[in-house]
Amino acid sequence: MTAADPSLEDLSRTEFAELLDGEPAYRLGQVWDGLYRQRRPLAELSNVPKALRHAIGDLLPDALTLVRSQSADRGSTTKHLWSLRDGHLVESVLMRYRNRTTLCISSQAGCAMACSFCATGQVGFDRNLTVGEMVSQVLGTLQHSDSADQAINSGAASGRAINIVFMGMGEPLANYDAVWAAVERFHGDMGVGARHITISTVGVIPGIVRLAAAPLPVNLAVSLHAANDRLRNRIAPINRTYPLRDLARVLADYRRAKRRRISFEWAMISGVNDRDSDAAELAAYARPLAAHVNLIPLNPTPGYGHTPSTAERIEHFADRLASHGVNATVRANRGTSIDAACGQLRADKQVSIQRRSRPARRDERTRIER
Ligand code: SAH
């Protein structure tokens, strides 16, 4: 069995239907509803004959194996570490709020974008994830958290709207086709509204152009972090290929095509991008696009020495943006204690295990920083 063999979640409904040759017509709906509406594992679909469940399971083996799950924020944030069939590791994060559940999933094992402050970028790129590997992160997380809640009907999903955000490891627009197929599965088969699906990009222009022409109005978030090319080239090197001016042009086209508000992510890094002059530059960039700004206090990562801006500085920065006519929200960080917050995913079993003892953690950090 290799990573190339499809899993059940790699197949669209139409592709799966072809495998059900000779089964009664209602079988397809039974399996599909069980998997995507009730979100139950194939093995538990007791209205489907056991022999058929086994045959499907043998032909289309699981894409992911859960290696570990860790919780923080009094159980409201859970990070899952998954092993892919070829041994690569990815992470996804579940965040529960009062009336919604947000699932943050990975689109690649590692990332080639090399943003200096991002843990995934520091590790480098392994490979694109398949549709099945992305869809399985969502279904697996919901099933796991539902069973952790001990009752399928009071679990993570029920009663709360689900948001799916491509904000885990990887650059989704560098894996466009598989990401879009996953979006269609979430929307068409699971019934998640396009407005509850967010694709976050560092600014991969060809992907944004394709997204503008795609049928569903999903949310677009752009990880900006700097509004002048000199600084952005340094902290998000893809800016050398897709500089700010070109990015603004395609974002304006996107907005016109979709009539959707774009949002900018801005990690607040003390002394780097949190000065009044940075706020003025950001406002000048964001205002013509009517973009909303999300301010995220920088999360610590092993390979980046800078510190987050203080809470006062972030408030002040938001006020400066407001005075320039730009709306900003300060994001509360979730899951920092388990390295599950924005930019902290790196799917490294070893580091997390070593982190149980404090001195080892410090050694590990110095080693990586050198
Ligand atoms: N590659 C995509 C998806 C990653 S989303 C993108 O760049 O948008 C992860 C988000 O967390 C991005 O906005 C990213 O810029 C941000 N981020 C990365 N490292 C961070 C850190 N150390 N602190 C806060 N946010 C960070």
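Me: Hi! How many helices and strands are there in the protein chain?
Reply: Hello! The protein chain has 13 helices and twelve strands. Keep in mind that this is a predicted model.

Me: Thanks. And what percentage of the residues count as buried?
Reply: The chain has 370 residues, and 52% of them count as buried. As for contacts between residues at least 6 apart in sequence, 66% join residues at least 24 apart.

Me: Which strand pairs with S11, and in what sense?
Reply: That is strand S10, residues 263–268, which pairs with S11 in the parallel sense over six bridges. As an example, Glu265 has Asn294 of S11 as its bridge partner.

Me: Asn294 again! Is Asn294 buried or exposed?
Reply: Its relative accessible area is 9%, and the cut-off for buried is under 20%, so Asn294 is buried.

Me: What is Asn294 in contact with, leaving aside neighbours within four places in sequence?
Reply: Asn294 is in contact with Ser263, Phe264, Glu265, Trp266, Thr329 and Arg331.

Me: OK, new topic: helices. At what angle do H7 and H9 pack?
Reply: Helix H7 (residues 205–213) and helix H9 (residues 244–258) pack at about 10 degrees, and their axes are 9 Å apart. The two are therefore roughly parallel to each other.

Me: Which residues make that contact?
Reply: From H7 there are Ile205, Ile208, Val209, Leu211 and Ala212. H9 brings Asp246, Leu247, Val250, Leu251, Tyr254, Ala257 and Lys258.

Me: How many of those are nonpolar, polar or charged?
Reply: The contact of H7 with H9 has ten nonpolar residues, no polar ones and two charged ones.

Me: Last thing: cysteines. What is a disulfide, again?
Reply: It is a covalent bond that links the sulfur atoms of two cysteines.

Me: And how many disulfides does the count come to?
Reply: The count comes to zero disulfides. Cys111, for instance, is in no disulfide, and its nearest cysteine sulfur, that of Cys118, is 6.5 Å away.

Me: Is Cys111 buried or exposed?
Reply: Cys111 has a relative accessibility of 9%, so it counts as buried.

How values were computed. Residues numbered from 1 in each chain as written. Predicted model: local features only at pLDDT ≥ 70, side-chain atom pairs only at ≥ 80, totals over all residues. Heavy atoms only, no water. Axes fitted to C-alpha atoms, helices over the stretch in contact; angles between N-to-C directions. Helix = DSSP H or I, 4+ residues; strand = E, 2+ residues; numbered from the N terminus. Parallel < 35°, antiparallel > 145°, perpendicular 65-115°, else oblique. Contact = heavy atoms within 4.5 Å. Nonpolar A, V, L, I, M, F, W, Y, C, P; charged D, E, K, R; others polar. Disulfide = S-S within 2.5 Å. Buried < 20%, exposed > 50% of the residue type's maximum accessible area, 1.4 Å probe, protein only. Pairing = 2+ DSSP bridges.
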